[in-house]
Amino acid sequence: MNKLYMLLMMIAAFAFASCGSHNHDDHKPGEEHAEGEHEHEGEIVINEKQAKEAGITIETVAAAPFRAAILVSGQIVASQGNEQTIAATSNGIVKYANASITEGTAVKAGQTIASVSAKNIQDGDPMAKSKAAYEVAKSEYERAKALVGDKIISQKEFGQIKMQYETARVAYEAQAKNSTAAGISVSSPMSGYIKTLLVAQGEYVAVGQPIAIVTNSRKLQLRADVPCHQAQSLATIGSANFRMAGSDRVYSLDNMHGRLLSYGRSVAAGSSFVPVNFEFDNIGDIISGAYAEVWLLSKEQANIISVPVEALTEEQGAKFVYVQIEHDAYMKREVSTGASNGKRIEILSGLKAGEKVVSHGAYTVKLASASKAIPGHTHNH
């Protein structure tokens, strides 16, 4: 039995035990109360201790600056320069350095991640071929140096021989410095982590073929895809909130040193979207390549009543909040809503400044009311 369920059962039990009366001596000056009972239909009673244990928090409603948003789809991508491709430096069979080389593995600059070997391939070992070609070219070059001095061969012929030697030398030395008993080693050009492995263990690769992608992800980009019919609003966009697919957490670029990089002025062939690009600091748990819901934030509007998105509950298409009417009592209130920016939502009607609403834990209050242990709440004045 989880903790939340147990807590709700305690709240329901308390509500049932509280079906009697609450005595309140405080009232407005000059206001007279009839003796006896005064019933508040639909009141939900949760004492302060239970509310604290359930994580219920209260926010006082106030008109404040608000930024409306356009909700679009998008994707997290790596910033330019923060990703590099590791390519094969030889033909052969790939063998990763160890079994721990997987996507997400941390690597350092210069660290060997794989080796490529062609020792058992029909075409032969490229390293052995390179060495043999170098030795032949070197021998021919040494002989030509003596012959050109005696004017037995021309300078032009000597130049050709020297060029062939230099070419063979560079090719051999490039492979020799990475040569190991396992084959030609392939190393990471930068520190970071393996984003993608592009070939499997034991797969054949050719020179220059990508093996893996490594990223450091210190900076990431958010690309938002805006439908053409909303493109006229892009000039007012300055920031964004986003939520990665499968997550409930909403991130704000304003809290991640985010900045607008650019937005498209045209639509690419075959597309019906205009791209908007932001850059931000990766706080450690943002995954490059993830798809996201994006709220493109417009300029600030003054004196707007709004509540946190999680303050809302929904029933049959209607939106509700829970208003705190006393320190231990709440009432469900229907509201109409306007624009949302992913974190807060505009309230068009149903709330006024100075009222107190449940800003966190609204569904806990809803579940407590659903127990129907107390259909109403009675006060003796």
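Predicted model: local features only at pLDDT ≥ 70, side-chain atom pairs only at ≥ 80, totals over all residues.
Residues are numbered from 1 along each chain as its sequence is written, and side-chain values use heavy atoms, with hydrogens and water left out.

That opening contact belongs to strand S8 (residues 106-107) and strand S12 (residues 192-197), which run antiparallel and are joined by 2 bridges. Strands here are DSSP runs of E, at least two residues long, numbered from the N terminus, and two of them pair if DSSP finds at least two bridges between them. S12 also runs antiparallel to strand S14 (residues 210-215), with 4 bridges joining the two. On that side, Tyr 193 stands opposite Thr 215.

Strand S7 (residues 92-96) pairs with S9 in the antiparallel sense over 4 bridges, and Tyr 96 has Ala 114 of S9 as its bridge partner. S9 is joined by 4 bridges to strand S11 (residues 183-187), again antiparallel, and there Thr 112 faces Ser 187.

Now for the rings. The structure holds 5 aromatic pairs, counted when the ring centres of Phe, Tyr or Trp (its six-membered ring) lie within 6.5 Å; planes under 30 degrees apart count as stacked, over 60 as edge-to-face and the rest as tilted. Phe 242 and Tyr 251 are stacked, because their centres are 5.2 Å apart and their planes are at 20 degrees. Phe 242 also pairs with Phe 280, with centres 5.5 Å apart and planes at 45 degrees, so this pair is tilted. Phe 242 sits in strand S16 (residues 239-244) and Phe 280 in strand S19 (residues 273-281), so the pair ties together parts 38 residues apart in sequence. Both Phe 242 and Phe 280 are buried, that is, under 20% relative accessible area with a 1.4 Å probe, protein chains only. Elsewhere, ring pairs link Tyr 134, Tyr 141, Phe 158 and Tyr 165 into a cluster.

Finally, the lining of the largest pocket divides into 5 nonpolar residues, 2 polar and 4 charged. Nonpolar covers Ala, Val, Leu, Ile, Met, Phe, Trp, Tyr, Cys and Pro, charged covers Asp, Glu, Lys and Arg, and the others, Gly among them, are polar.

Key
Buried < 20%, exposed > 50% of the residue type's maximum accessible area, 1.4 Å probe, protein only.
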